[in-house]
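User: I should like to go through this protein's helices and a few single residues. Could we begin once the structure is displayed?

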Amino acid sequence: MTQTSTEKKVFIKTWGCQMNVYDSTRMQDALEADGYTNTDDITDADLVLLNTCHIREKAAEKVYSNLGRIRALKNKRAGTNRPMTIGVTGCVAQAEGKEILRREKAVDLVVGPQTYHRLPEIVSKAKNEGRQVDTEYAVEDKFEYIPLATKKQVQARGVTSFLTVQEGCDKFCTFCVVPYTRGAEVSRPHSQIIEEAKSLVDAGVREITLLGQNVNAWHGLGPKGTEMRLGELLYDLAEVDGLKRLRYVTSHPKDMDDGLINAHRDLNVLMPYLHLPVQAGSDKILKSMNRSHTAAEYVDIIKRVREARPDIAISGDMIVGFPGETDDDFEATMEIVRQTNYASCYSFKYSIRPGTPGAELTDQIDEDVKSERLQRLQALLFEQQQAFNAGCIGKTIDVLLEKTGREAEQLIGRSPWLQSVVVPSHCGTIGDTVTVKIIDKNTNSLIAEAV
Ligand code: 5AD
Ligand code: SF4
């Protein structure tokens with residue numbers, strides 16, 4: 001296709017958490033209003049944005065290796081009528097903005113996660129005036145300036161959608177960069193959340209996942225002027241006509257209050273799935289991580305959640321090899337995993353993050369020991385996940401159909417427990433919730449037939 005002079009194309013590569021995925025769509029929306037269309041072909045882009053993650057060292061380093069390759073593309077285009085502009089956004093931009101400009105001369109702009117609404121203006125300044133850095137904190141502004149996506153934009157993204165309700169974190173776990181890159185915890189106002197939910201559903205969205213780095217710390221004034229927490233917000237969202245499914249990620253045990261647990265008991269639209277990271281099973285390590293709860297408290301929360309909603313799937317995050325972790329401490333991690341019995345769980349080797357208190361601890365663990373522990377933990381988690389999936393075989397369940405499958409005559413949807421399910425296409429169309437029978441499973445998905 002030949003390009004007219006007014007057409008501009010943006011390529012966005014996204015790393016990291018769901019918040020970054022959501023932010024990338026917001027950047028697309030903001031740039032679309034400025035005449036950019038999205039492209040999946042980096043060689044055809046006028047603007048390349050790397051939306052980055054700083055959570056572990058490997059994630060951050062990938063940015064620099066990618067930039068090296070993109071510089072070559074930019075150089076090829078220098079002097080043509082389509083020069084390439086390169087931007088780094090997200091948490092690496094926030095944490096290492098100046099360092100990025102110093103290390104990689106090809107970068108034209110660096111923008112932190114709080115100011116995406118200004119992106120079109122910053123891009124145009126970078127083109128006209130030279131390199132730009134914008135890593136100011138203005139989270140309240142960000143919420144205020146988030147324009148609602150248009151119906152067309154929402155429809156292009158399918159029947160499930162994220163909705164940010166909270167950003168930042170005040171917990172300061174000693175391993176984590178989030179409180180530094182995303183700033184203090186800020187909740188989005190109730191009225192804005194309900195308005196966005198209604199407009200998403202109006203455009204055809206059937207499932208909304210509320211997003212926040214500490215989503216269950218959400219709080220705000222309700223329509224009657226009283227202070228609400230996440231549980232109560234969920235009751236209000238459940239009233240949105242046409243919304244079939246609600247989810248929320250990611251939560252902290254400290255904020256898992258009775259109101260939220262009761263919402264799991266009472267609300268059919270709230271899916272029976274809880275992502276509640278514990279990180280470690282030893283009280284000594286939990287204390288050193290500044291998690292502000294014990295292993296027994298976590299186990300008790302899980303017990304109460306399961307009493308409220310017996311079929312709930314529990315998911316989590318684990319870190320092995322935090323400084324000072326002995327064999328016994330690691331065994332305590334294995335033990336809490338056995339007690340919790342996860343449907344799915346992410347696990348990581350501890351990665352030193354400069355500027356966090358964990359980086360100052362002296363008793364760092366050898367890489368070999370971390371690797372060996374991670375392998376043992378992941379074997380146990382894999383076993384639990386496969387057992388959970390196998391337990392679904394023979395059951396009749398509801399699946400929200402989300403997209404076409406790899407093979408003709410197949411649709412892909414999600415179970416209430418977030419498993420991917422392959423469904424025969426005659427069962428329904430995308431956007432339908434269909435009742436099907438699970439007859440088999442692969443490593444990463446369930447296979448269904450019509451009932
Ligand atoms: N090293 C390893 N894993 C980490 N996480 C956060 N910071 C680190 C780190 N420094 C993990 C935690 C968190 C998930 C998003 O990433 O498990 O819950
Ligand atoms: Fe990081 Fe802890 Fe906050 Fe989660 S709760 S974002 S792990 S500091």
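The conversation below covers helix packing first and then individual residues.

Analyst: Please note that this is a predicted model.

User: Let us take α12. What span should its 14 residues have, and how far apart are its end C-alpha atoms?

Analyst: At 1.5 Å a residue, helix α12 (residues 295-308) should span 20 Å. Its end C-alpha atoms are 20 Å apart, which agrees with that expectation.

User: Which residues of α12 are buried?

Analyst: The buried residues of α12 are A295, Y298, I301, I302, V305 and A308. They cover an arc of only 145 degrees around the axis, so they lie on the same side of α12.

User: What do the buried residues of α12 pack against?

Analyst: Their partners are the helices α10 (258-266), α11 (283-288) and α13, together with the strands β14 (273-275) and β15 (313-320).

User: Take α10, then. At what angle do α10 and α12 cross?

Analyst: The axes of α10 and α12 cross at roughly 35 degrees and come within 8 Å. On the α10 side the contact involves D258, I261, H264 and R265, which meet R304, V305 and A308 in α12. By class, the residues of this contact of α10 with α12 are three nonpolar, one polar and three charged.

User: Now α13 and α14. How are those two helices arranged?

Analyst: Helix α13 (residues 327-340) and helix α14 (residues 367-390) pack with their axes 10 Å apart, at an angle of about 10 degrees. Angles under 35 degrees count as roughly parallel, and α13 and α14 are therefore roughly parallel to each other.

User: Which residues make that contact?

Analyst: From α13 they are D327, F330, E331, T333, M334, V337 and R338, and from α14 they are R373, R376, L377, L380, L381 and Q384. The contact of α13 with α14 has six nonpolar, two polar and five charged residues.

User: Changing topic to the backbone: which peptide bond is cis?

Analyst: The bond from V249 to T250 is cis, with omega near -5 degrees. T250 is found in the loop between β13 (245-249) and α10.

User: What about the phi of E409?

Analyst: E409 also is not a glycine, and its phi is positive, at about 65 degrees. E409 sits in the loop between β17 (396-404) and β18 (410-414) and is exposed, with a relative accessible area of 65%.

User: Two lysines to finish. Is K98 buried or exposed?

Analyst: K98 is exposed, with a relative accessible area of 71%. It belongs to helix α3 (residues 91-103). The C-alpha atoms of K98 and T135 are separated by 10.0 Å, and the two residues are 37 residues apart along the chain.

User: And what does K127 touch?

Analyst: Leaving aside residues up to four places away in sequence, K127 touches K8, Y36 and T85. K127 lies in helix α4 (residues 119-129) and is partly exposed, with a relative accessible area of 42%.

Methods. Residues numbered from 1 in each chain as written. Chains lettered and ligands numbered in written order. Predicted model: local features only at pLDDT ≥ 70, side-chain atom pairs only at ≥ 80, totals over all residues. Heavy atoms only, no water. Axes fitted to C-alpha atoms, helices over the stretch in contact; angles between N-to-C directions. Helix = DSSP H or I, 4+ residues; strand = E, 2+ residues; numbered from the N terminus. Parallel < 35°, antiparallel > 145°, perpendicular 65-115°, else oblique. Contact = heavy atoms within 4.5 Å. Nonpolar A, V, L, I, M, F, W, Y, C, P; charged D, E, K, R; others polar. Expected span 1.5 Å × (residues − 1). Buried < 20%, exposed > 50% of the residue type's maximum accessible area, 1.4 Å probe, protein only. Arc of directions from axis to C-beta.
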